[in-house]
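Hi everyone, thanks for making time for this. Have a look at the screen, and I'll talk you through a few spots.

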Amino acid sequence: MPYRVTVREPLVVLAPAKLNLGLEVLGRRPDGYHDLVTILQTIDLSDRLVLEPAPRLTYQPPSGIGDELVARALRSLAAKGVVIEARLSLEKRIPVAAGLGGGSSDAGTLLGAFVHAGLPRSLATPIATQLGSDVPFFLDGGTALARGRGTDLEPLPPPNGWFVLVVPELTLAHKTRQLYAALTPADYSDGLATLRQAERLRLRQDLDPRLVRNAFLRPLLAFEAVRQALDAFVTAGTRWAWPSGSGPAVFTWCPQREAAEQLTLALETSGLRPILTAPLKPSWEQVRTAITVEQLH
Ligand code: C5P
């Protein structure tokens, strides 16, 4: 079904990073992917999608980004007969290939903006799923329990508190694929710890750090920079720090703002560049007034 998406007034849509508040891998699937149980959380560290009125679609991708998911999302929309009238650009802020979902968020948030403006979800979701396992989550963002390939989503209430994260240097071609390939059955678990954590959130209880698992911890510990970052958290007095997704970003959760600030300072003292961040639930209000979606006959 053809649609026309028109940007009526200039707007900036924030494409937030995500953290995995636990990520358990259950095992390998016949289709080559792995079955997961993970909790996804958008945070207030964001790329910026800049949309302006224009008679036809133009998109200038930022330089130096290899696998450009926004361009692929736009091509998939065009292939489904969605005509977009907008000038689009992307300003990157989220560290790339860090386990923070930056590229997935850029594409997923753009699709989400169109969905919240009226494009059928049934059109956007298959595009998102094809682009990557993390992409469908960003159609709404917030907090969600993700299962299967990572695309079966159940919204959850958000956790309280703050997160402090560090992104160690790690250059690895096809990082996500490589880290999945490094998993062995010893890294698999039954998902129950993450399911119990999800239940705590449903009951609006605090996160329980003892329930956080990350299947990629063992393969990530092979990298010196990751070990150093995790050690720095311990030296700074933190009891728990975990990778996000397949890393290399590592983070901890602080129920109190003051403790998060102190930890940030301590990590800076050890020469790292910590990021103090909080859960963020995207607001789609501006999108509804600035973008119109019409069905074409
Ligand atoms: O879905 P996405 O394109 O982000 O996945 C990149 C790679 O990570 C896949 O090709 C696959 O090797 C691996 N992966 C996996 N199981 C998942 C998600 C990703 O094995 N649930």
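**Two helices crossing**

Let's start where helix 1 passes helix 2, in a right-handed crossing. Right-handed here says that the near helix is turned clockwise from the far one by less than a right angle. The two pack at an angle of about 35°, and their axes are 8 Å apart. The axes are lines fitted to C-alpha atoms, for helices over the stretch in contact, and angles run from 0 to 180 degrees between N-to-C directions. Helix 1 covers residues 69–79, and helix 2 covers residues 102–116. Helices (H or I, at least four residues) and strands (E, at least two) are DSSP runs, numbered from the N terminus.

Before I go on, a word on the model: it's a predicted one, where local features need pLDDT of at least 70 and side-chain atom pairs count only at pLDDT 80 or more, while totals for chains, interfaces and linings use all residues. Residues are numbered from 1 along each chain as its sequence is written, and side-chain values use heavy atoms, with hydrogens and water left out.

So who makes the contact between helix 1 and helix 2? From helix 1 you have L69, V70, A73, L74 and L77, and from helix 2 there are G103, S104, D106, A107, L110, L111 and F114. Contact means heavy atoms within 4.5 Å. By class, that's 9 nonpolar, 2 polar and 1 charged residues. For the classes, Ala, Val, Leu, Ile, Met, Phe, Trp, Tyr, Cys and Pro count as nonpolar, Asp, Glu, Lys and Arg as charged, and the others, Gly among them, as polar.

Let's zoom in on S104, in helix 2. Is S104 buried or exposed? Buried, with a relative accessible area of 14%. The cut-offs are under 20% for buried, over 50% for exposed and partly exposed in between, using a 1.4 Å probe and protein chains only. Leaving aside residues up to four places away in sequence, S104 touches L69, D134, V135 and F138.

Two strands pair if DSSP finds at least two bridges between them. Strand 10 pairs with strand 11 (residues 250–254) over 2 bridges, and P243 sits opposite V250 in strand 11.

**Salt bridges**

Last topic: how many salt bridges does the structure hold? There are 16, each a side-chain nitrogen of Lys or Arg within 4 Å of a carboxyl oxygen of Asp or Glu. One of them joins E91 and R48, with the closest N and O atoms 2.8 Å apart. E91 is in strand 6 (residues 87–91) and R48 in strand 3 (residues 34–52), so this pair ties together parts 43 residues apart in sequence. E52 and R87 form another, at 3.6 Å. Back in helix 7, R227 and E224 sit 3 residues apart, about one turn of the helix, and their side chains meet in a salt bridge. Finally, R29, D31 and D35 are linked in a network of salt bridges.
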